[in-house]
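Dear colleague,

Please find the structure below, followed by a summary of what was found in it. I would be grateful if you could read the two side by side.

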Amino acid sequence: TYSLMAQRIYGRPINKKTDPTERFVGKSATLGCGFGCGWKKFKGMVLADAKKYGIVLDDTSDTFFERVVNTYREANPMVRRFWKEAEVAINHMLVGGSGYIGKYRYVGNKVYLPRGIPLTFANLRREFDPRTGRNEVMYDRYNPNKGRTATVKLWYGLLVENIVQATARDVFVNCLHNCESGGYYAVGSVHDELLFLVPENEVETAMKDLYHLMCIPPDWLDNCPLDSELNFGDNYHEAK
């Protein structure tokens, strides 16, 4: 997926091994532009990540990053449609309405995930925001780390991000349960990765089994096709 996005951006085939910088840009676009990010914010994100990982970009101009964002949006019309539906839904939620954002049903200040669990936007309201000088849609979100409630601006990008990340988390947990049902118990996880320890003489069989188990969709996902990428090694670094 990341290489395909990079191919659209650079107009030529991109290989993960031979074109790591270009793939990095494709990955950044795939992960960073799905929630309505503008090119200025996207540029800041990419430059920060490039510095962090020691990646030297050939082009850091405003024109380049604007083109990357536009390329992503042109390649993903259904994503832009989802943004629009989320924007309309927010205004409807403010007055206690109900409807759908794609297949996600909302009722008042709750948006229901496919498995039935709601995302709740407490005290949803319009409020003057001195930072923008406009009346914005706000809600209250409790931060358990700080032990207090904060006022957060709700816009279509944030709503879509909340929906996507919550659904992805549920899919990830379903994969974990599938693996456990097949007799494979994870020893750890890193973001969207599961880590397993298996005897060396069982690696090939385990790889086949785990791939199959991870690609079984949950019942609530309407048989949505899933894919997975597996690697192995004597340690985590080698498995990457």
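A residue is called buried when its relative accessible area is under 20%. Phenylalanine 121, at 2% relative accessibility, therefore counts as buried. Please note that this is a predicted model.

Tyrosine 139 is likewise buried, with a relative accessible area of 2%. The ring centres of phenylalanine 121 and tyrosine 139 lie 5.0 Å apart and their planes stand at 85 degrees, so this pair is edge-to-face. Phenylalanine 121 sits in the loop between β4 (118-120) and β5 (122-129), while tyrosine 139 belongs to strand β6 (residues 134-143), so the pair ties together parts that are 18 residues apart in sequence.

In total, the count comes to 7 aromatic pairs. Another of them joins phenylalanine 64 and phenylalanine 65, again edge-to-face, at 5.3 Å centre to centre and with 75 degrees between the planes. Phenylalanine 64 counts as buried at 5% relative accessibility, and phenylalanine 65 counts as buried at 0%. Both residues belong to one aromatic cluster, together with Tyr10 and Phe42.

Turning to the helices, α5 (residues 77-94) packs against α6 (residues 156-181) at an angle of about 110 degrees, with the axes 8 Å apart. Angles from 65 to 115 degrees count as roughly perpendicular, and α5 and α6 are therefore roughly perpendicular to each other. On the α5 side, the contact is made by Phe82, Trp83, Ala86, Glu87 and Ile90; on the α6 side, by Tyr156, Leu159, Val160 and Ile163. These contact residues divide into 8 nonpolar, no polar and 1 charged.

With kind regards

Methods
Residues are numbered from 1 along each chain as its sequence is written. This is a predicted model: local features need pLDDT of at least 70, side-chain atom pairs count only at pLDDT 80 or more; totals for chains, interfaces and linings use all residues. Side-chain values use heavy atoms; hydrogens and water are left out. Axes are lines fitted to C-alpha atoms, for helices over the stretch in contact, and angles run from 0 to 180 degrees between N-to-C directions. Helices (H or I, at least four residues) and strands (E, at least two) are DSSP runs, numbered from the N terminus. Angles under 35 degrees count as roughly parallel, over 145 as roughly antiparallel, 65 to 115 as roughly perpendicular and the rest as oblique. Contact means heavy atoms within 4.5 Å. Ala, Val, Leu, Ile, Met, Phe, Trp, Tyr, Cys and Pro count as nonpolar, Asp, Glu, Lys and Arg as charged, and the others, Gly among them, as polar. Rings of Phe, Tyr and Trp (its six-membered ring) pair if their centres lie within 6.5 Å; planes under 30 degrees apart count as stacked, over 60 as edge-to-face and the rest as tilted. Buried means under 20% relative accessible area, exposed over 50%, partly exposed in between (1.4 Å probe, protein chains only).
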